[in-house]
Amino acid sequence: MVTLDFHRGATAAIDAGPAVAFFRHGWHSWSPTGWVNPTRPVSPIADEGRRLGHDDPRHAFDSRVGGSGVGLLQHPDGSVTLLGALDPGARVWPDGAVLRGSTEGASVEWVTITGEEHPVLREYASLLATRFGRRGGEKVRVWCSWYSFYEDVTETRMNEVLVGLEGMPFDIVQVDDGWERAVGDWSANAGFPGGMAAMADRIHSADFTPGLWLAPLIAQSTSNLARERGELLLRDEAGDPVVAGINWGSPYYALDATAEATCAFLSDLIGEARGWGYRYLKLDFLYAGAFPGVHANPMPREVAYRRACEVMREAAGDDCYLLACGAPIIASLGVFDGIRIGPDVADVWEIPELSALGDESGRGARNALATSINRLWLADVVDVDPDVVFFRGDTDLDGQTLAALRDLATVARFVGVSDPPGGLDEDQRSDLTTMLREDPTVTRRSRYGWAIDGRPVDFSWILDDRSSPTTVGKR
Ligand code: 9PG
C-alpha cells in the first residue's frame, strides 16, 4: 500500500517526518547513488577533472547532500517518503524532517509517495514509464571492446574477436572508444584502414548486430571540430568554451545542445553511423549536453539535452538500439532503450587514488556495483546496463566480487562482456555461454536481496561500508 500526492511547481517541500537515511540519486550514469546519512556534510572532489564528470556541476560545491530528480527519506519505522519529479531538471534534498525540491525556474510535476520502500520505488518507476514511455525490454547480450583493448582497439583485433565469438549467443558486438580520429572527429583512424562501414559489414556477416561508441555531445579541445566549428560549442559568460571534463590527454568541451547547428551536426552524425550499418549506438559522455552555460536558444538545460537526444533518436530510427552512458538519468527516459546506471567496472575492486579523493564515480568494481545496485528499480522504465562481467581469469577481483557482477547482470537482464574470447579456457567459455542463454526467474526479497531461480543473492556486503557520501570503504 502506498499513498500518492501530485502537484505542479518550481519547488516542493514535504514534511516527511523524522529521518534516518536519505536516498541520494546521482545526476548521471556515473554519479554516486545510494542510501546516505542525511546530515553528514559532503566535501567537493578536490581534483577538477574528476569533479566535472562526477555529478551535476551546479551542485559540485554543495556542503549538504542532495540528489537529482528524486530523493527518499527513510523513517525510524523503516517506511519511506519519496519526492520525485516527473519532468527533467529537478533537485531533491533533505532538510531535517522536510524533503525539499526545486528546479532552476521551470515548473515541473512532482509526486510524493509514501509507504514501504520497494512498492514506493515501483510506483515511481511506473509513473515515469507512463510519463515517458518504455523502450527496450528484451534481455541484452553485448560484447564490447572497451575492457579488452581500451583505446587500442583496431580492425585486426576486432576481426580476431569475431572469429573467437563464432557460435556464441551474443546479439551485439560493439566497437568502443578508440576507432575515431579524435573525440569530435568521427571518422575512422589508422587502426581501421577499411573504414567503419566495412567493420559493420564484418560484424553483420558474423551474425551479430553491429554496435558503435560515440560521444556526440562533446569535443576534445584538440579536435578539428572544436577548432573549426566554434558555433557548436557551449560558451560561458566570458564567451569561452565550457569545459565538461578532462580525458584523452586534454580538456573536452560541451556542445550547445540548443544550437540549430548542433542539432544538424547530431542528425548527420547519427545518420552516418546508421548508414555505415550500426544498429546499436552507445552514446557516451552525454551529461555535457546538460551542462550550464550561455545557450544559443535559452531553455532549461535538461530540456535542451532531451531535445538533442530526440534529434538523435529521430536520426537513428526506432530499429536502432540507443544506449545512453554518462547520461542524466531522468532526462534520458523514453528516448533511449538502455541507460548505464553506474560507473565503469574495472578488473580491480577500487582505484586507491580515486577513493582518496572521495570520488565514488571513478572506475572500479565497488563503485560500479554500489551505484548500479541502487538503481535497479529503474528496470521498470528502461533497460539498465550495470557494465560488464568478467569471465577471464586474470583480474584482481576475488570470487565474491566476480559472482556479484554476474548476479547483478542477471538481475538487470543486461549482460555485457568484454573478455577477449581467444583468452578464455573451455570452462570460462562454457560458463559465459550458459549465462548468455539462461533467463532465470528473479524476485526481489529486500533492499539488497534477490532470489535467482530460488537461489538467494545478497548484495548488502557491498553497501555496508557506504553509510555516508564521504566514507571510503575498507575491504
Ligand atoms: C570510453 C569509455 C567506455 C566506458 C564509459 C566511459 O571520468 N573519466 O575520465 C571517465 C573516462 C571514461 C569513462 C568514464 C569516465 O568511461 O563508461 O564504458 O565507453 O567511456 O572512453
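This is a predicted model: local features need pLDDT of at least 70, side-chain atom pairs count only at pLDDT 80 or more; totals for chains, interfaces and linings use all residues.
In the chain, Asp56 is found in the loop that runs between α1 (48–52) and β5 (67–68).

The side chain of Asp56 takes part in polar contacts with both backbone and side-chain atoms. It reaches the backbone nitrogen of Arg58 at 3.0 Å, and a polar contact of 3.0 Å also joins it to the side chain of Arg301. When residues up to four places away in sequence are not counted, Asp56 touches Trp27, Arg91 and Arg301.

## Arg306 in helix α8

Arg306 belongs to helix α8, which covers residues 301–316. Its relative accessibility is 12%, so Arg306 counts as buried, the limit being under 20%.

A polar atom of the Arg306 side chain lies 2.7 Å from the backbone oxygen of Leu333. Leu333 is also one of the residues that Arg306 touches, residues up to four places away in sequence being left out; the others are Pro88, Phe132, Ile330, Ala331, Ser332, Gly334 and Val335.

## Cavities

Four cavities of 30 Å³ or more are found in a search of the whole structure. The largest cavity has a volume of about 80 Å³.

The lining of this largest cavity consists of six nonpolar, two polar and four charged residues. Among them are Val142, Gln174, Lys282, Arg340, Asp385 and Phe414. Three strands, β11 (140–144), β19 (280–283) and β23 (414–417), each supply at least two residues of the lining.

Terms used
Residues are numbered from 1 along each chain as its sequence is written. Side-chain values use heavy atoms; hydrogens and water are left out. On a 1 Å grid over the protein atoms alone, a cavity is a set of points where a 1.4 Å probe fits but cannot get out, and a pocket is an open set with protein on both sides within 12 Å along at least five of seven lines; lining residues have an atom within 4 Å of a point. Grid points are joined across faces, edges and corners, and a volume is the space filled by probe spheres set on the points. Helices (H or I, at least four residues) and strands (E, at least two) are DSSP runs, numbered from the N terminus. Ala, Val, Leu, Ile, Met, Phe, Trp, Tyr, Cys and Pro count as nonpolar, Asp, Glu, Lys and Arg as charged, and the others, Gly among them, as polar. Buried means under 20% relative accessible area, exposed over 50%, partly exposed in between (1.4 Å probe, protein chains only). A polar contact is a pair of N or O atoms within 3.5 Å; within protein, one must be able to donate a hydrogen and the other to accept it, and residues adjacent in sequence count only if both atoms are side-chain atoms. Contact means heavy atoms within 4.5 Å.
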